[in-house]
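Visitor: I have this one open in my viewer and would like to talk it through. Can we begin with the charged pairs?
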Amino acid sequence: MSFTVPYSGVSNRLGEAEIAAVVDALRSDTLAMGPRGAQFERRFADRIGAKHVQATSSCTTALFLAAQLLGLGPGDEVITTPQTFWVTTWPLQARGCDIRFADIDPNSLTLDPATIEPLITERTRSIWVVHHGGQATDMDPIMAIADRYGLSVVEDCAHVPGGTYRGRALGTIGDLGCFSFHSLKNMTTGEGGALVTGNDRYAEMARALGTIHTWGDTVPRREERIGPYAQPAYYRDAHVRSSYTVDYRDGRYLVGNNYRMSELSAALGIAQLGRLDELNDRRREIAARLDDGLRDVPGIGLQVEQPYAHHIYHLYTLFYDPAVIGAPKDDFLRHLQEVEGIEIVLRYFPIHLLPEFRAAGHSYGECPVAERTYFEHQVQLPIYPHLTEAQIDHMIGAVRRGVAALSSERSPR
């Protein structure tokens with residue numbers, strides 16, 4: 001069907017600056033491993049105050065790299081949230097980790113710190129937080145728990161480029177931060193991501209393991225020769241790497257992968273970084289408009305911007321109360337989509353209830369707040385900077401009309 005307010009496949013409309021940047025990259029001598037990737041890394045690092053940034057091909061690859069840097073493996077337990085895109089957990093599943101799900105705060109939809117500590121055992125190694133929908137997780141108590149038990153912390157920052165926690169840029173608080181610049185995100189490189197860290201060793205490892213190299217402790221070779229052949233002085237072959245000069249200690253090493261960002265993506269990212277505040281401010285403006293129009297609707301609750309967070313509204317969430325309105329949430333969603341023409345995409349189904357996690361022993365009832373919030377209350381309306389004023393007004397009216405229609409069906413005649 002044709003929607004009055006569609007779910008947009010692009011986070012923001014690209015302009016002449018982005019087009020010019022990509023065209024300039026197309027005219028350059030290389031589309032891979034050129035100067036733009038490094039330039040994007042420097043600019044993103046400056047923007048968020050990070051010590052080290054490594055551009056990647058996606059947030060997914062950044063998360064895979066994070067799990068490898070931390071040395072997570074079979075039998076290690078990692079605590080995370082059920083309110084996320086399932087890819088947050090894929091690197092952990094791929095490495096044989098046991099995942100434990102803490103529950104969420106029912107309004108912010110981020111990890112509730114009070115539900116983390118009861119899950120910690122002698123096998124717990126890490127906490128992976130997700131800053132959901134553009135708003136920060138409450139990091140101070142989580143970092144305190146991590147410090148107390150000697151755990152690492154990874155921030156999934158897919159929704160929060162430009163978001164902050166108590167004035168600090170998200171992604172710079174934990175040991176590692178992983179960003180997404182997918183087409184749907186607040187700033188985009190089409191596909192793309194970044195790994196952020198303040199740890200020098202992690203940064204050095206990541207640079208090797210994310211760019212088709214190996215990593216391990218090395219010892220100097222006693223003789224810098226391969227059989228009878230010394231390293232030639234008259235040419236250099238980059239594929240030789242350090243073959244003549246070092247061996248891996250005890251023959252042990254890690255194998256890397258190709259997680260690099262392309263020059264085209266980096267060029268687009270540099271242009272988008274220059275617009276990030278503008279784009280986030282527009283989202284905040286739209287969210288404020290929606291809040292003002294829906295604040296007095298019986299049975300509709302608004303998401304609260306937490307005092308510690310600068311919410312950048314990757315998602316706009318409201319909360320439907322079936323007990324007040326007298327109809328299940330599905331009836332409300334059907335009205336919004338089929339009657340009002342608002343395309344609804346909900347994020348996220350509690351991932352501990354996906355088949356792969358049920359196969360691993362997880363079940364309904366494990367995270368009651370996340371389950372109840374998703375199945376009964378949670379609704380996301382489309383939000384992106386190119387929403388028109390008419391579309392915003394239509395969504396406000398649609399919610400009000402939907403609630404009125406469903407409430408009147410319950411009213412005695």
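Predicted model: local features only at pLDDT ≥ 70, side-chain atom pairs only at ≥ 80, totals over all residues.

Guide: R125 lies in strand β4 (residues 124-130) and D76 in the loop between α3 (59-69) and β2, so the pair ties together parts that are 49 residues apart in sequence.

Visitor: Is D76 buried or exposed?

Guide: D76 is buried, because its relative accessible area is 14% and the cut-off for buried is under 20%, whereas R125 is partly exposed at 32%.

Visitor: OK, and which residue does R289 form a salt bridge with?

Guide: The partner of R289 is E389, and their closest N and O atoms are 2.3 Å apart. R289 belongs to helix α8 (residues 276-294) and E389 to helix α13 (residues 389-410), so this pair ties together parts 100 residues apart in sequence. Both residues also take part in a network of salt bridges that links R282, E285, R289, E389 and D393.

Visitor: How many salt bridges are there in the whole structure?

Guide: A search of the whole structure finds 23.

Visitor: Switching topic, which residues make the nonpolar surface patch?

Guide: F85, W86 and W90 make a patch of about 300 Å²; F85 sits in the loop between β2 (77-80) and α4 (90-94) and is partly exposed, with a relative accessible area of 38%.

How values were computed:
Residues numbered from 1 in each chain as written. Heavy atoms only, no water. Patch = residues over 30% accessible without salt bridge, like charges linked within 9 Å, V, L, I, M, F, W, Y side chains within 5 Å. Areas by Shrake-Rupley, 256 points an atom, 1.4 Å probe, with all protein chains shown as cover. Salt bridge = Lys/Arg side-chain N within 4 Å of Asp/Glu carboxyl O. Helix = DSSP H or I, 4+ residues; strand = E, 2+ residues; numbered from the N terminus. Buried < 20%, exposed > 50% of the residue type's maximum accessible area, 1.4 Å probe, protein only.
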